[in-house]
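User: I would like to learn how to read a predicted two-chain model. Please take one feature at a time, with the general idea before the case.

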Amino acid sequence: MQRQVALIKQSLFDQGYLDEQFMELEELQDDVNPNFVEEVSALYFKDSARLINNIDQALERGSFDFNRLDSYMHQFKGSSTSIGASKVKTECTMFREYCRAGNAEGCLRTFQQLKKEHATLRKKLEHYFQLARQAGPKETARRPK
Amino acid sequence: MAEVLLPRKMEIAKDPSKFGSSDLLHVLAVDDSHVDRKFIERLLRVSSCKVTVVDSATRALQYLGLDVEDKSIGFEDLKVNLIMTDYSMPGMTGYELLKKIKESSAFRQVPVVIMSSENILPRIDRCLEEGAEDFLLKPVKLSDVTRIRDSLMKVEDLSCTKSIKKRKLEVTENVYSLDSSAPSQLKRAKI
């Protein structure tokens, strides 16, 4: 089962969903804090859901306040970077570029893509953490005490 | 140590170390991002530091006792060895926080490290000019934290060694002065 967990994790990296920052987070886990990455991940998805909601509302209003949108996206990109959410981070960067260019259509398009990537990552990570918990502490805990 | 009334949002990390807390570096971390706060707190704990985390520059000033306009003296008894702050925060930025800390008599000697996700050279220059100890690009690495911690520990060690040497010499002087047979021409080297 642990091999299955390892394979799933590897595919997340290979397919570009996660980058080396995720590995940095795993390095910080130990016997005392074996669920650190899962906890950070939960925080990330709670935070980002709120940001997505804010951006959705702002876009729905029709008036494009690019400064405000850029500010939301700065936060989104920041936390995505901290957790190693590579594809989401890329979409955030693109969105910000469209903001700076004042390109409303580009923003809308990119935001749809961002939401898709975000939802996909969420599902994949939830699956990964679930399996990792079932497989036992050996796979998730990395740092020796 | 002064007792500080803590606002609800402040998170105080429990010190899990088996050493006395006076031996550990106490770091105040400031970041408006919940994810980043959790991350930096973990990095610091793993590096054997005592951590206090707050979610804004305003709360940092409250914690330090610098939030009162007419009394920018600060809590004199509060031991903070390092302040790590995010640059871009709503309300007061990390740069403005840095300035306020450097203006205070109680905390101007405390090294302040700025963290930012954006690699903007004028920003970095401005922070360093204002007295920031270092400027870290996010995501912060564990190696960044241990490097800063190690250099701070060296400074702590040096000042500790100095005060131990001084005390030893003072004790020796007392012993000599009690002994009346000691030659009065004994010269003592200045520290």
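Analyst: The secondary structure of chain A comes to seven helices and zero strands, where helices (H or I, at least four residues) and strands (E, at least two) are DSSP runs numbered from the N terminus. The model is predicted, so local features need pLDDT of at least 70 and side-chain atom pairs count only at pLDDT 80 or more, while totals for chains, interfaces and linings use all residues. Residues are numbered from 1 along each chain as its sequence is written, chains are lettered from A and ligands numbered from 1 in the order in which they are written, and side-chain values use heavy atoms, with hydrogens and water left out.

User: What does chain B have in the way of helices and strands?

Analyst: Chain B has five helices and six strands. From the N terminus on, its elements run β-β-α-β-α-β-α-β-α-β-α, whereas chain A reads α-α-α-α-α-α-α along the sequence. The C-alpha trace of chain A spans about 50 × 25 × 20 Å along its principal axes.

User: How is burial read, and what share of the residues of chain A and of chain B counts as buried?

Analyst: Buried means under 20% relative accessible area, exposed over 50%, and partly exposed in between (1.4 Å probe, protein chains only). Of the 145 residues of chain A, 47% count as buried; for the 191 residues of chain B the share is 41%.

User: How do I read one face of a helix?

Analyst: An α-helix has 3.6 residues a turn, so residues three or four places apart point the same way. Take helix α1 (residues 2-14) of chain A, which has 13 residues and reaches 18 Å from its first C-alpha to its last, close to the 18 Å expected at 1.5 Å a residue. That expected span is 1.5 Å times one less than the number of residues. Val5(A), Ile8(A), Lys9(A), Leu12(A) and Phe13(A) are the buried residues of α1(A). Seen down the axis, these buried residues fall within an arc of 140°, so they line one face of α1(A); the arc is that of the directions from the helix axis to the C-beta atoms. Arg3(A) and Asp14(A), on the other side of α1(A), are exposed. After α1(A) comes Gly16(A), with a positive phi near 85°.

User: How are aromatic pairs described, and how many does the structure hold?

Analyst: A pair of aromatic rings is described by the distance of the centres and the angle of the planes. Rings of Phe, Tyr and Trp (its six-membered ring) pair if their centres lie within 6.5 Å; planes under 30 degrees apart count as stacked, over 60 as edge-to-face and the rest as tilted. The structure holds six aromatic pairs over all chains. One of them joins Phe22(A) and Tyr128(A), edge-to-face, at 6.4 Å centre to centre and 65° between the planes. This pair links distant parts of the chain, with Phe22(A) in helix α2 (residues 20-27) of chain A and Tyr128(A) in helix α6 (residues 104-135) of chain A, 106 residues apart. Both Phe22(A) and Tyr128(A) are buried.

User: Why is the pair of Phe64(A) and Phe66(A) called tilted?

Analyst: The ring centres of Phe64(A) and Phe66(A) are 5.8 Å apart and the planes are at 35°, so the pair is tilted. Phe64(A) counts as partly exposed at 25% relative accessibility, and Phe66(A) is partly exposed at 21%. Elsewhere, ring pairs link Phe13(A), Phe22(A), Tyr128(A) and Phe129(A) into a cluster.

User: Which residues of chain A lose the most area to chain B?

Analyst: Buried area is the accessible area (1.4 Å probe) that two parts lose on being put together, summed over both. Between chain A and chain B about 1600 Å² is buried, of which carbon and sulfur atoms give 63%. In chain A, Leu28(A), Leu43(A) and His74(A) lose the most area to chain B, together 31% of what that side buries. The contact (heavy atoms within 4.5 Å) takes 20 residues from chain A and 15 residues from chain B.

User: Is Ser79(A) buried or exposed?

Analyst: Ser79(A) is buried, with a relative accessible area of 3%. Ser79(A) lies in helix α4 (residues 66-83) of chain A and, leaving aside neighbours within four places in sequence, is in contact with Tyr44(A), Ser33(B) and Val35(B).
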